[in-house]
Amino acid sequence: FLSGLIEVPFNFAAQPILSRGRRWGTAGFFLVTGVCCCLTAVSWIPDWLELPLAVTGKGASQGAFCAVYFLAAELFPTSHRNLGMGLASLCARIASTVAPFVVLLAEIWKPMPLVVFGSSAFLALCVVLPLRETSSAPLCDSIEEYERTEADHEGTFRRFQDAEHGTELQSGSARE
């Protein structure tokens, strides 16, 4: 009951967190999930701290699940959005199918499932960090437009870098 109940506030918390930035919000949820799972797995934490850490990790994983759908929907160009969302959904469903079997690893070593779930969250964190920020960014319609957007993003970074070194700030994109 408690495990399902904790998902509600994290679902509501996902909205304001993701409105500040999809990439960093998603990364934050993955970080909290990984830290809580791995800390719950270690033997030196007090017993009274295990339940709050486990419940917080479970809630953060639900927040990450919501965040990934927001990020994936905005990351893919319109021409490939259905394919991308289908792939993201497929990966999520495969993981939810495999998760009950990961719990069986506790027969080998009791904290092993928590280590696997925590490591998976850290791996997902490493995958999310290099992605571009999609909050308040226009949705791309095609792969070509996405590539131009990425080139403009890199060009903007170069223009600001040039401005710091005393050269004049250019207007427009890097292609002009």
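This is a predicted model: local features need pLDDT of at least 70, side-chain atom pairs count only at pLDDT 80 or more; totals for chains, interfaces and linings use all residues.
Q: What about contacts, how many join residues 24 or more positions apart?
A: If you take the contacts in the chain with a separation of 6 or more, residues 24 or more positions apart account for 66% of them.

Q: Let's turn to α6. What should helix α6 span, and how far apart are its end C-alpha atoms?
A: Helix α6 covers residues 112-128, which is 17 residues, and at 1.5 Å a residue these should span 24 Å; the end C-alpha atoms are 24 Å apart, so the two values agree.

Q: Which residues of α6 are buried?
A: The buried residues of α6 are P113, G118, A121, A124, L125 and V128. Seen down the axis of α6, these buried residues fall within an arc of 130 degrees, and therefore they line one face of the helix.

Q: What covers the buried residues of α6?
A: The cover includes three other helices, namely α3 (22-41), α4 (47-75) and α5 (81-102).

Q: And which exposed residues sit on the face of α6 turned away from its buried side?
A: That face of α6 carries the exposed residues L123, C126 and V127.

Q: Changing topic, what volume does the largest pocket have?
A: The largest pocket has a volume of about 1400 Å³. It is lined by 41 residues, and of these the closest to the centre of the pocket are F30, S61, F65, A92 and A95.

Q: Which elements give two or more residues to that lining?
A: Those elements are α3, α4, α5 and α6, and α4 gives the most, with 13 residues.

Q: How many of the lining residues are nonpolar, polar or charged?
A: By class, the lining of the largest pocket has 31 nonpolar, 7 polar and 3 charged residues.

Q: Why is E7 called partly exposed?
A: The relative accessible area of E7 is 21%, and because buried means under 20% and exposed means over 50%, a value in between counts as partly exposed.

Q: What is E7 in contact with?
A: Leaving aside its neighbours within four places in sequence, E7 is in contact with K58 and Q62. E7 and G63, in turn, are 56 residues apart in sequence and 7.6 Å apart in space, C-alpha to C-alpha.

Conventions:
Residues are numbered from 1 along each chain as its sequence is written. Side-chain values use heavy atoms; hydrogens and water are left out. Helices (H or I, at least four residues) and strands (E, at least two) are DSSP runs, numbered from the N terminus. The expected span of a helix is 1.5 Å times one less than its number of residues. Buried means under 20% relative accessible area, exposed over 50%, partly exposed in between (1.4 Å probe, protein chains only). The arc is that of the directions from the helix axis to the C-beta atoms. Contact means heavy atoms within 4.5 Å. On a 1 Å grid over the protein atoms alone, a cavity is a set of points where a 1.4 Å probe fits but cannot get out, and a pocket is an open set with protein on both sides within 12 Å along at least five of seven lines; lining residues have an atom within 4 Å of a point. Grid points are joined across faces, edges and corners, and a volume is the space filled by probe spheres set on the points. Ala, Val, Leu, Ile, Met, Phe, Trp, Tyr, Cys and Pro count as nonpolar, Asp, Glu, Lys and Arg as charged, and the others, Gly among them, as polar.
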